[in-house]
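Student: I have not seen this structure before. Could we go through how its parts pack together?

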Amino acid sequence: MKSVLLIATFIFTLSLTAQTPYEKGMNDAFALWKQQKNTEAVQLFERIASVETDNWLPSYYAGLIEIVSSFGLKDEALLTTKLTRAKGFLDNASSISKDNPEIMISYALLNTAYIAFDGAKYGMTLSGENIAIYKKAQAIAPNNPRVLLGKTEWDMGTAKFFGKSITPYCEDVERAIILFNEEEQTIPYYPYTGLERANEISSNCKKETSPN
């Protein structure tokens, strides 16, 4: 999850004198997130979204923070509160940018947070939803590295749950790394993250496949 905090370097190198109110707000929100001040970051992204009503990114990031910070919670009521808020943010982002693969896979991550909390309770229904989400996202953006990596991590998690090897999915991780390295980062504040996570999974693949 640490990789979602690694925002593209150019975001933080914008000239302070040239910053628009939007840029300043986004930079401040990312800074709060990096400092693990999640509540303050979400609130600031929410305020930005209320002004930038045609921009999906502020609501997307508000939702993403709520999702990421829900992993590891032990209180189901708190989990549900956070993920309900996250869904509201993602719904707003999706209403602005329909069939956006970045938003779609965040819905899948939201489902995964529920499943990670209680697989017996949430796994049966939400697993099917995730399979459908990744299938649709791949059809829309087959060369999106985050879509490929998200689906591959999901497939690996399923394989581990059933006691199977993750090796068949390691090639997809390597393909994702290639796509990450080929990706042009041209849109300010776009979520171009994931390469670090892909490299981490690749390392785990090599350990699993190496002879003892």
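Student: At what angle do helix α5 and helix α7 pack, and how far apart are their axes?

Tutor: The model is a predicted one. Two packed helices are described by the angle between their axes and the distance between the axes. For α5 (residues 101–117) and α7 (residues 145–161), the angle is about 20° and the axes are 10 Å apart.

Student: Are α5 and α7 roughly parallel or roughly antiparallel to each other?

Tutor: Angles under 35 degrees count as roughly parallel. The angle between α5 and α7 is about 20°. The two helices are therefore roughly parallel.

Student: How many residues of the contact of α5 with α7 are nonpolar?

Tutor: From α5, the residues that meet α7 are Pro 101, Glu 102, Ile 105, Thr 112 and Ile 115. On the α7 side they are Arg 146, Val 147 and Trp 154. Two residues of this contact are charged and one is polar, and the nonpolar ones number five.

Student: Which element gives the largest share of the largest nonpolar core?

Tutor: That core has 45 residues, and Met 26, Phe 45, Tyr 60 and Tyr 61 touch the most other members. Elements giving two or more residues to this core include α1 (21–34), α2 (38–51) and α7. The largest share, nine residues, comes from α5.

Student: Leaving aside neighbours within four places in sequence, which residues is Phe 45 in contact with?

Tutor: Phe 45 is among the residues that touch the most other members of the largest nonpolar core. With neighbours within four places in sequence set aside, its contacts are Met 26, Ala 29, Phe 30, Pro 58, Tyr 61, Ala 62 and Ile 65.

How values were computed:
Residues numbered from 1 in each chain as written. Predicted model: local features only at pLDDT ≥ 70, side-chain atom pairs only at ≥ 80, totals over all residues. Heavy atoms only, no water. Axes fitted to C-alpha atoms, helices over the stretch in contact; angles between N-to-C directions. Helix = DSSP H or I, 4+ residues; strand = E, 2+ residues; numbered from the N terminus. Parallel < 35°, antiparallel > 145°, perpendicular 65-115°, else oblique. Contact = heavy atoms within 4.5 Å. Nonpolar A, V, L, I, M, F, W, Y, C, P; charged D, E, K, R; others polar. Core = buried A, V, L, I, M, F, W, Y, C linked by side-chain atoms within 4.5 Å. Buried < 20%, exposed > 50% of the residue type's maximum accessible area, 1.4 Å probe, protein only.
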